[in-house]
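Walk through the model below with attention to where its chains meet. The text takes the interfaces one after the other.

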There are 4 protein chains.
Amino acid sequence: MDYQKILIEIEEEIRPLLGEGKVADYIPALAQVDAKQFAISITLNDGTHYSAGLADKLFSIQSISKVFTFTMALKIYRDTLYERLGVEPSGSAFNSIVQLEYEQGKPRNPFINAGAINITDALINFYGDREKTFAAIISYIRELTDDSSIKSNKIIADSEMQNGFRNLSLANIMKSFNNLDNSVDEVVKTYFEHCSIEMNTKALSRAMLYLAHDGTDPINNKEYITQSQSKRINALMLTCGHYDASGEFAFNVGLPGKSGVGGGIVATVPNLMGIAVYSPALNANGNSLVGTKALELFTTKTGLSIF
Amino acid sequence: MDYQKILIEIEEEIRPLLGEGKVADYIPALAQVDAKQFAISITLNDGTHYSAGLADKLFSIQSISKVFTFTMALKIYRDTLYERLGVEPSGSAFNSIVQLEYEQGKPRNPFINAGAINITDALINFYGDREKTFAAIISYIRELTDDSSIKSNKIIADSEMQNGFRNLSLANIMKSFNNLDNSVDEVVKTYFEHCSIEMNTKALSRAMLYLAHDGTDPINNKEYITQSQSKRINALMLTCGHYDASGEFAFNVGLPGKSGVGGGIVATVPNLMGIAVYSPALNANGNSLVGTKALELFTTKTGLSIF
Amino acid sequence: MDYQKILIEIEEEIRPLLGEGKVADYIPALAQVDAKQFAISITLNDGTHYSAGLADKLFSIQSISKVFTFTMALKIYRDTLYERLGVEPSGSAFNSIVQLEYEQGKPRNPFINAGAINITDALINFYGDREKTFAAIISYIRELTDDSSIKSNKIIADSEMQNGFRNLSLANIMKSFNNLDNSVDEVVKTYFEHCSIEMNTKALSRAMLYLAHDGTDPINNKEYITQSQSKRINALMLTCGHYDASGEFAFNVGLPGKSGVGGGIVATVPNLMGIAVYSPALNANGNSLVGTKALELFTTKTGLSIF
Amino acid sequence: MDYQKILIEIEEEIRPLLGEGKVADYIPALAQVDAKQFAISITLNDGTHYSAGLADKLFSIQSISKVFTFTMALKIYRDTLYERLGVEPSGSAFNSIVQLEYEQGKPRNPFINAGAINITDALINFYGDREKTFAAIISYIRELTDDSSIKSNKIIADSEMQNGFRNLSLANIMKSFNNLDNSVDEVVKTYFEHCSIEMNTKALSRAMLYLAHDGTDPINNKEYITQSQSKRINALMLTCGHYDASGEFAFNVGLPGKSGVGGGIVATVPNLMGIAVYSPALNANGNSLVGTKALELFTTKTGLSIF
């Protein structure tokens, strides 16, 4: 298949949509991003890259970081991780607090905020403190992408922390149910720090390869997680990767994926490739409007939906 | 692949598990079923059947009927159907009433009870009354399976109705929000009537082919729904097909599927086959314990998981 | 104190407010009532009556009937009644279904709909069937008021039943938790039948005397309930008598009271008198707008608030 | 009435109950309190004191402080205070977070934790910072009691803060809905500081007089709040003063009151006296077990229930 041609077609076809949607504006650093940017990259399991658009443009990966931290925690704790949190979809946003309360501080899955905060807490338990934990996360992502320049944006992380009342509330509920071991502040700061990591679509599509290849990176041949754990993460991305639009995404795109409020989305085509798109304006569900459309065009043009 | 050999292997391997779990006992007619029964059938897109176990044994399809009624409603109403209900996962069982109340009588998806009851109401609107609606449903299933003997079990349907307080409650909530057009009694009776249809795994695996073949039955060549609608239903089965164990099923089995409390589960391997399993004892989440295990063995042995 | 003068003053002072608010319109029979009607009556413990306005005008007592049915059930079951339901306030209307679900079908108190439906069920258990239960209720009210002409309005009761989806939903939730013994239909019909009893303010103020006199009617000298039970009912009227405006009413009026959506409100001044007001236009909380104001004027002018 | 005799009788009669119930143990400083202590004091509107038991024993007033802070805020903001919070009862504890979320960060009333935290925030707005706010609160209480030795226990306040995850969660939810102006930490610290004020029953019964006397202290003749505001606070104490046992307390005791988890309860007999009891072991609802019983005996013996 001529992937390069397909990516360029997609770039053409989404152009009229650029400008629709709304850039995340809950913190100033994200609000000032140019809404009309677009990038799409794929990396095949043999390492071949294809891109269209601003594939070198760095952006805040936000919730995409949850895929990396969940991978790390699953490797460390294996199934004992599920004493802390579940793997089921969670329903509406209203629900996030209600259900956390009803289910006594146990988050539904690692891709909702409460779950990802809980995963961060588990990582701090293992690595010892906030600095070492973040160092391990960034080191893991750098290794996956073979790019030692990747780092977190301190301005964004600080700004998130200053406005992170909802996440602080979730962390405190978990703490009150004894389902958070470290200090709320330390955990939530670390969480925002990894959310504020900046990457481009080229690196992100590369980083997804271990999930497109049963847990083992097909380039560096390192087994990060088992085949079964990789299947688990792909299944979770499909059922829970897009907040309250996960069902919509499963239908429209038909690939395991994870979106971030910074405008990025990653996806995998099992056994074939990693994908990343970027466009900062979001649809009503908080997922990249043009990014979702681009992925939809990609599976339509290539027939690579898993359904 | 030697499917017959694989099915027989599976039958052997699940044997030690027969007897674990618990048959649904909320109505007498289901409670008295022999817990140790097992059947598995697949039907390939070319019509070839393979089975192991009691593949001719009739059982109550229960929630599997939701796949058929949603198909019919989607064909009739297309996207206007989503004015009535959503397509997103729904969280915990506790949630089913809370969320219906919070979201003003609009069910989260067609595979939770409230959603399926709502779909039944939409079908009654179209077909005119309860009798005509049920006639259309049974006629559709008979056509799909080329088996005119399929019918509903009146004893079970009546017994469900006499114990259906929770479903009556859901229907009344929808009615109070003007999201149910016909009488609560008429709708819920029709709903229980289609839940009480009895089929065997052979017929059920056959009936799934249109969903394994982009909406068009590969045997009778009839287009029941569009390719896009078929993708929608498969995506929904993956994200919402197993109540509060949908994420677990997506991981363990890795196929779009729908379970029923009678002990049956249907699944599709896109572009390849329909599958049905039966074993009445249920796990803690209300899905067939041995049936789930059998499907897990099937995707492990065949490598046919979509992930 | 010159009560007659005070009542006439009140009638004058509320006149400019007549026409504000909104008559209940969820059923036609209530919607067509003239919004500008007003009546106020008091009956002292010695039997003296004072009235102003349309004190002979019959209206639908609606939720005021809950005071009578709770009295009857408390007399019969004493403290075992609290195995069925609680005595605590319940929060918002949204809550009524959520909390019933969370608290496994046990209503918070006898003055929310779920609680009153549950009480009706308990009465049917005692009296044997729907007809005998209603006969006992109407007979009790006739005895309290010495007025054998009091009856229920069948048109209103039937109309309520045809639109009673929310109440049917609550009854079905309780039934699903085994906290309702008789058929949902029978219980809810009986409930609507006693809600549709028609009385005037004169009779209602008379009927409250047993609650203003420690459980014993000061006119006919009959002990209906014990002093302690009477205190319980007065306390409940104060904390739970006005749905989500009970706190507001306790402050503004400062008397134990119970309102009905038909526009009536009853209240007691402990050891002194029963009061009833009527004006069908309701405020945002579903309580008689002018009726509430009239009671507020009454306690201001007489200084009879319990605070 | 011979109040002294009555108090001594009460002390005798509750003696067998000492030791029942359970001292609050969520922080060490409270857990080590001797469970068998008891005190009761009343102060009449003319200033006469009567006490029995350990009336000079200091204890942590905890939620009783909410009465004082609400008084201060009501004086400052009058009815604009209700833009921040309501005056209605709130249902179950489960509910406290659910309802705060459902009602978009607006607490139901000033006596649940969320409401009292919100009131503290309003006071900080007025007084400028945490120190000045606490100074104003302690100064107000010292003036009411004419006792300049009253102070907060820093060990308890610090310990509460270290375990205050649930309150921090509530504050963060309010903050996320823009219904908290100051920093969560500053507000919650101030809140715990006033909860940790230590008083004895003698001083507390004295401090209630302004609420037993229409807002004006009958001893120092100072008008703290208007008659109407005083009625409001009394009504709130009656409907919301005892968490999820407010209805029970209204019935058993029949006086406006407010309990604290430290084992104290204050109450007023309108126009007559302030009351305070102390006994640290709590009943299942978190109110002083013996204290509640003592108040019940008091209203039974004196006939001073408001019902």
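A salt bridge is counted here when a side-chain nitrogen of Lys or Arg lies within 4 Å of a carboxyl oxygen of Asp or Glu. By that rule, the interface of chain C and chain D holds 4 salt bridges. One of them joins D:Arg232 to C:Glu248, with the closest N and O atoms 3.1 Å apart. The elements of chain C that give two or more residues to the side touching chain D are α4 (94–102), α12 (227–240) and α13 (246–252); helices (H or I, at least four residues) and strands (E, at least two) are DSSP runs numbered from the N terminus. The largest share of that side, 7 residues, comes from α12(C).

The model is predicted: local features need pLDDT of at least 70, side-chain atom pairs count only at pLDDT 80 or more, and totals for chains, interfaces and linings use all residues. Residues are numbered from 1 along each chain as its sequence is written, chains are lettered from A and ligands numbered from 1 in the order in which they are written, and side-chain values use heavy atoms, with hydrogens and water left out.

In the pairing of chain C with chain D, 34 residues of chain C are in contact with 34 residues of chain D, contact meaning heavy atoms within 4.5 Å. The two chains bury about 2900 Å² between them, 61% of it on carbon and sulfur atoms; buried area is the accessible area (1.4 Å probe) that two parts lose on being put together, summed over both. C:Lys231, C:Phe251 and C:Phe307 supply 26% of the area that chain C buries against chain D, more than any other three residues.

Now to chain B and chain A. Here 34 residues of chain B are in contact with 32 residues of chain A. Between them these chains bury about 2900 Å², with 61% of it on carbon and sulfur atoms. B:Lys231, B:Phe251 and B:Phe307 supply 25% of what chain B buries against chain A, more than any other three residues.

The rule finds 4 salt bridges across this interface of chain B and chain A, including the one in which the side chains of A:Arg108 and B:Asp244 meet at 2.4 Å, N to O. On the side of chain B that touches chain A, two or more residues come from each of α4 (94–102), α12 (227–240) and α13 (246–252) of chain B. There, α12(B) gives the largest share, 7 residues.
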